[in-house]
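Dear colleague,

Please find below the structure that I am handing over to you.

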Amino acid sequence: MRAAAVLNTPGMGPLPVLADSTDVGALDPRRPAVVLERGAQPALARMANGKRHVVRYADPLSESALAAIIACATAPGMPIAADPETLSILALAERLAVSDIPVLINGPTGTGKEVLSRFIHAASPRHDKPFIGVNCAAMPETMLEALLFGHQKGAFTGASAAGEGFFRAAHGGTLLLDEIAEMPLSLQAKLLRALQEGEVVPLGATQPVKVDVRIIACANRDLPSEVEEGRFRADLYYRLNVFPLTLRALAERPDDIAPLAFALMMRHAPADRPLPWLSDAALAMLGCHGWPGNVRELENVVRRALLLAGDQAEIGPEHIVFDRPARSPASDAALAEVRAPQAGKLSNIVQLSEARAILATLEACGGSRVEAARQLGISERTLRYRLASFREAGIAVAGGRR
């Protein structure tokens, strides 16, 4: 079963028990378990205070069955993954976790950088120590130094008591510096010293204080470009960039969409109501969307679908409402015809011709990505990336099938 292959990928963490419905009596009630049951209609249920899930499937090869199993088998707060590239990132992150080297996670907003940071902390020897997350963009610039490094009583107006700061609060554990590109240049120099020397000087103090902290930094901007523009220190960048990880936009890892949708649905479904099932048609709609807001936008769409579905047993396409309306194929065709004569650049002409050829081949193959990729002479992963780029450009693309 493909679900077992995905769940056994390095980086997925400890597995719950996967059991057939006939083996329920032999399960340890203290261990998380996913019970698989074949039936005429797919369904999802949670039992034993959420420690046990029952997945009833009609077709074991359906996308919805695989997605539901992955979502149920993943521990709360851990990354949800089924796309090969995301799984490879998690496997690499698990190997990085055992060391203390700084980690720099790049990626667009809303792709799960903080979730990946928590995964690294949970898989590290520091897992039983504090994990402190700091959003550098959300902190007032005048207070950021005191919040990071601490301050003594009376160090500034209103400092009626001493503060230990985030570095000392995270002692022995992990400190996440989110949106680090927003940190002022003057503070970047002090951060560099803290990383190099393993010590901080609280505001108003004259003696440094030793700290033992593992640093994970996240950025949604291109830091090399920020360095070139003089907005980010080159020495700090190279200090943080020991082992960079990159999370791609959600549209570029389409195999993650369905299991993420199930996981978000289970997170937000009322505890006193039965869990609905996400139909294959609804998942196909999600797979066609461009997801400019990434996982945060998907979360909005899933919460909206739960509200619209009410007490229904299944979430269908009629319950899927996107943050912005998708264009129809007719309007896309009209737009392409209008723009094509004006597309003077060779790159635009080539991109338009490529899109037409790929979409025509996909349609001729009945939506099969595997067959379309074979006929086009490219890998299935390359085809997925091309389709994702078309969605980002506003071109309606059918979800296709494997």
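Among contacts in the protein between residues at least 6 apart in sequence, what percentage join residues at least 24 apart? The figure is 66%. Please note that the model is a predicted one.

I begin with the protein as a whole. It contains 16 helices and 13 strands. Of its 402 residues, 45% are buried. The accessible surface amounts to about 19800 Å², and carbon and sulfur atoms account for 53% of that surface.

Next, a sheet. Strands of a sheet pair through backbone hydrogen bonds, in either a parallel or an antiparallel manner. In this protein, five strands form an open sheet in the order β6-β7-β10-β5-β11, and their pairing is parallel. Because β6 (131-135) and β11 (243-246) each have a single partner strand, they stand at the edges, and one side of each is left without a neighbour in the sheet. From one strand to the next, the twist averages 20°. Strand β5 (residues 103-106) runs parallel to β11 and is joined to it by four bridges. Within this pair, Val 103 lies opposite Phe 243 of β11.

Finally, a single residue. His 53 belongs to strand β4, which spans residues 52-57. Is His 53 buried or exposed? His 53 counts as buried because its relative accessibility is 11%, and buried means under 20%. Leaving aside residues up to four places away in sequence, His 53 touches Ala 33, Val 34, Val 35, Ala 45, Arg 46, Cys 72 and Met 266.

Yours sincerely,
A colleague

Conventions
Residues numbered from 1 in each chain as written. Predicted model: local features only at pLDDT ≥ 70, side-chain atom pairs only at ≥ 80, totals over all residues. Heavy atoms only, no water. Helix = DSSP H or I, 4+ residues; strand = E, 2+ residues; numbered from the N terminus. Buried < 20%, exposed > 50% of the residue type's maximum accessible area, 1.4 Å probe, protein only. Contact = heavy atoms within 4.5 Å. Areas by Shrake-Rupley, 256 points an atom, 1.4 Å probe, with all protein chains shown as cover. Pairing = 2+ DSSP bridges. Axes fitted to C-alpha atoms, helices over the stretch in contact; angles between N-to-C directions.
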